[in-house]
Amino acid sequence: MRIGVVTFPGSLDDRDAARAVRIAGGEAVALWHGDADLAGVDAVVLPGGFSYGDYLRCGAIARFAPIMGPIIEAAEKGLPVLGICNGFQILCESHLLPGALVRNDRRKFVCRDQRLRVESDSTAWTSAYSAGQEIVVPLKNGEGGYVADEDTLDRLEGEGRVVVRYLGGNPNGSYRDIAGITNAAGNVVGLMPHPEHAVETLCGPTSDGLGFFASVLGRLAAAR
Amino acid sequence: MARVVVDVMPKRAILDPQGRAVAGALERLGFGGVADVRQGKRFELEIDGELTEERLAELRRAAETLLANTVIEDFTVRVEHVTTQA
């Protein structure tokens, strides 16, 4: 299974995301933001970073990178896409996911091992977990506050589209402790914490994050 | 030449941590009586050639597409000044 990992100017977690894909048993394919070609990959990861310096809003300029045209088109047809941190912001700016990410309510950059509850195991990226499972993965963000209007939040909750929720304290003021969400079809997932930094205990707090990558590989294998 | 100004402000319902920080600082500095602060962005677009209604409509689309995220922000577009070229 070939999982594309996009490098934007400022991406800093692309190598870790590619490594997570390999540890989970997939083939990581490097994609460049300036190319409008998905190289025939089976899924895409938009990694964390500070794409384009986030000058306007986080992810706002990255959203119009050449690679995003085919990604948006393919995502709307069911291609599994995972956006982590800045990748989550790019997915919101692309309107593949509702809502937006704003500056943390305490205005401080937060970096810590974060406890999370996986709320949904029915997405392409979380099927290796069980709903209600608690995991610990690193979190690091300055603009990680998830916001949306009340109607959108109610719809997300009602449709089971809140994928992961913060436990043990909300690190950034995200509405309803939301750490990650999915689109209606369940193929596009965005989350603020970094599962790619928790894929082996040698250099992560846990290997709890591996499930995101194992999930999509399992989903793709089942579809073949 | 014309200058078109796009003001982008966070929506009332959305948390504005930056505005809140500024409000707190004003209070601490003794500038009382400020109930709330919201911090927005101002874009000044210098426009070549004649500013027609069509061009203005296009700039509104630009504001909606890129300059503002209408999920969390409101925006206004206005023409600040027009100078006729000699």
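Between chain B and chain A of this predicted model, the count is 1 salt bridge. Its partners are A:R57 and B:E73, whose closest N and O atoms are 3.8 Å apart.

**How the chains meet**
- Besides the salt bridge, 7 residue pairs are in polar contact between chain B and chain A, with both residues at pLDDT 80 or more.
- On the chain B side, the elements that give two or more residues are α1 (17–28), β2 (41–47) and α2 (53–67).
- Of these, α1(B) gives the most, with 4 residues.
- Sorted by class, the chain B side has 11 nonpolar, 3 polar and 3 charged residues.

**How much is covered**
- The contact draws 17 residues from chain B and 15 residues from chain A.
- The size of an interface is often given as the accessible area lost when the parts come together.
- Here, chain B and chain A bury about 1400 Å² between them, and 66% of it is on carbon and sulfur atoms.
- Which residues of chain B lose the most area to chain A? They are B:L15, B:P17 and B:L66, together 35% of what that side buries.

**A site listed in chain A**
- A:C85 sits in the loop between β4 (81–84) and α3 (86–93) of chain A.

Notes:
Residues are numbered from 1 along each chain as its sequence is written. Chains are lettered from A and ligands numbered from 1 in the order in which they are written. This is a predicted model: local features need pLDDT of at least 70, side-chain atom pairs count only at pLDDT 80 or more; totals for chains, interfaces and linings use all residues. Side-chain values use heavy atoms; hydrogens and water are left out. Contact means heavy atoms within 4.5 Å. Buried area is the accessible area (1.4 Å probe) that two parts lose on being put together, summed over both. A salt bridge is a side-chain nitrogen of Lys or Arg within 4 Å of a carboxyl oxygen of Asp or Glu. A polar contact is a pair of N or O atoms within 3.5 Å; within protein, one must be able to donate a hydrogen and the other to accept it, and residues adjacent in sequence count only if both atoms are side-chain atoms. Ala, Val, Leu, Ile, Met, Phe, Trp, Tyr, Cys and Pro count as nonpolar, Asp, Glu, Lys and Arg as charged, and the others, Gly among them, as polar.
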